[in-house]
Amino acid sequence: MLEATDLKVEFPGRDGRRARAVDGVNLSVGAGEIVALVGESGCGKTTLARTLLGLERPSFGQVSYDGRPLSYSGRALRAFRRQVQLVLQDPMGSLNPRQTVYEAVAEGPRIHGLPDEEPVVSAALSRAGLRPPERFFLRYPHELSGGQRQRVVIAGALALNPKVLIADEPVASLDASVRGEILSLLLRLRDDLGLSALVVTHDLGLAWNIADRVAVMYLGRIVESGPTEDVLTNPQHPYTQALLSVLPESPERIILTGEPPDPTRIPTGCRFHPRCPLATTAEACTTTTLQILPAVSDPQVACHLTPVTTPT
Ligand code: SF4
C-alpha cells in the first residue's frame, strides 16, 4: 500500500554538516496492516513519517503508494493526501480552540471540494465513536474530554475516506483508561474499513497492543523489524533489547551509555556501536557497515552478531 525504498532524507545541520535524519530505509505498510515504527526521540521516525506523507522530499530513494512512485506535483500530492492521512499526537494542539467539532471535521472535505458535507462529517464522527454525531457538531474542543478530542482528530482524517492513517504518538497525551479505547477504535477501523496504519511511537507497550509488525529505528535506519510477537518477545538487536528492558515487566534494565545519537555524525561500522553493550565482541562492529534491511514481513536484524540478518 505505502512503501519507502532506500529512502534518505537530509537537512542542513550544525557546523555546516548534513544531518542524515533518514539514512537508508526500506519499509512497507500492507493493506489492512498496522505497523508500529518505534524508537527514541531524534531517531528519525517523525521525519520518515513526514516523508511517507509527502511533507518532506527524499534526498534519495522513493515513496510509493499503491505500487506507483509518489509524484511531488501539487495535483498529485493533493490526490495522495486524500488517501494517506495524518493523525497528530496532541489533540489540544492539533484542534483549533475556536473551531467547532463540525468545522474541524469539515475542513478536509472543504479543501478537497467533496460534496454532501454534512453527511460526510456525520459519518466520520460516527465511525470515530462520537454518537449521535449531531450532539457534537457545535461543541468546542474545551468542552470535550481528552479521548473525545482525539476521536475528533481521527474523524477529521476519516472524513476524506483514506486508505492509510499515519498516527504520530496517537495516545501519548491520554490517560491510561482512555488509551485502550482509542487503540480499540484504531483496530476496529482496520477491521471494518480495511484501513492500514503506520503508528509512530516511542512506546513499545503501545506497539504490542496494536501492531501486526514492528520496525525499530535507530539513528536514521531500521535496525530490527518483524511480526510484533517475534520482535517484542524475542528481540535480537541489542538496541531493541535495551528499549524493551525499560518496560515494568522486564527482569533487568539495560542502561545505554555513550554519546546520544547525532545524525550529523553517524559512526562508522554499526551505527549503534558507541552505545552497544556487545560492541567489543566483534571487530566488525566498528569497521564494517551493515546492509540496509529489506522491507519484508519476516524477522530482520541489522547486527553482525545475529545470524537472521538478510542482506538486500
Ligand atoms: Fe552491537 Fe555490533 Fe550488533 Fe552493532 S553489530 S548492534 S555494535 S553487536
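A: In this predicted model, helix α6 and helix α7, which spans residues 176-193, have axes that come within 10 Å of each other and cross at roughly 20 degrees. Angles under 35 degrees count as roughly parallel, and α6 and α7 are therefore roughly parallel to each other. Their crossing is right-handed. On the α6 side the contact is made by G147, Q150, R151, I154 and L158, while α7 contributes V178, E181, I182, L185, L186, L189 and L193. By class, this contact of α6 with α7 consists of eight nonpolar, two polar and two charged residues.

Helix α6 covers residues 146-158 and also packs against helix α4, residues 101-111. Here the axes are 7 Å apart and the angle is about 30 degrees. By the cut-off of 35 degrees, α4 and α6 are therefore roughly parallel to each other as well. The crossing of α4 with α6 is right-handed. V101, A104 and V105 of α4 meet V152, A155 and G156 of α6 in this contact. Five of the residues in the contact of α4 with α6 are nonpolar, one is polar and none is charged.

Next come the loops on either side of α6. The loop between α5 (117-127) and α6 holds P132. The peptide bond that joins R131 and P132 is cis, with omega at about -10 degrees. The loop between α6 and β7 (164-168) contains N161. N161 is not a glycine, yet its phi is positive, at about 55 degrees.

The open space around α6 can be taken up from here. The largest pocket has a volume of about 640 Å³. It is lined by 22 residues, and those closest to its centre are Q85, L86, E107, G108 and G156. Both α4 and α6 give two or more residues to this lining, as do α2 (74-83) and β6 (84-87). The lining of the largest pocket divides into twelve nonpolar, seven polar and three charged residues.

For reference, the second largest pocket holds about 300 Å³ of space. Of its 16 lining residues, L232, L244, L247, E249 and S250 are the closest to its centre. At least two residues of that lining come from each of α8 (204-210), α9 (228-233) and α10 (238-244). The greatest share is that of α8, with four residues. By class, the lining of the second largest pocket has eight nonpolar, six polar and two charged residues.

The structure holds four cavities of 30 Å³ or more, and the largest cavity contains about 90 Å³ of space. It has 13 lining residues, with P238, C270, C276, C285 and C303 nearest its centre. Ten residues of this lining are nonpolar, three are polar and none is charged.

Methods. Residues are numbered from 1 along each chain as its sequence is written. This is a predicted model: local features need pLDDT of at least 70, side-chain atom pairs count only at pLDDT 80 or more; totals for chains, interfaces and linings use all residues. Side-chain values use heavy atoms; hydrogens and water are left out. Axes are lines fitted to C-alpha atoms, for helices over the stretch in contact, and angles run from 0 to 180 degrees between N-to-C directions. Angles under 35 degrees count as roughly parallel, over 145 as roughly antiparallel, 65 to 115 as roughly perpendicular and the rest as oblique. A crossing is left-handed if the near helix is turned anticlockwise from the far one by less than a right angle, and right-handed if clockwise. Contact means heavy atoms within 4.5 Å. Ala, Val, Leu, Ile, Met, Phe, Trp, Tyr, Cys and Pro count as nonpolar, Asp, Glu, Lys and Arg as charged, and the others, Gly among them, as polar. On a 1 Å grid over the protein atoms alone, a cavity is a set of points where a 1.4 Å probe fits but cannot get out, and a pocket is an open set with protein on both sides within 12 Å along at least five of seven lines; lining residues have an atom within 4 Å of a point. Grid points are joined across faces, edges and corners, and a volume is the space filled by probe spheres set on the points.
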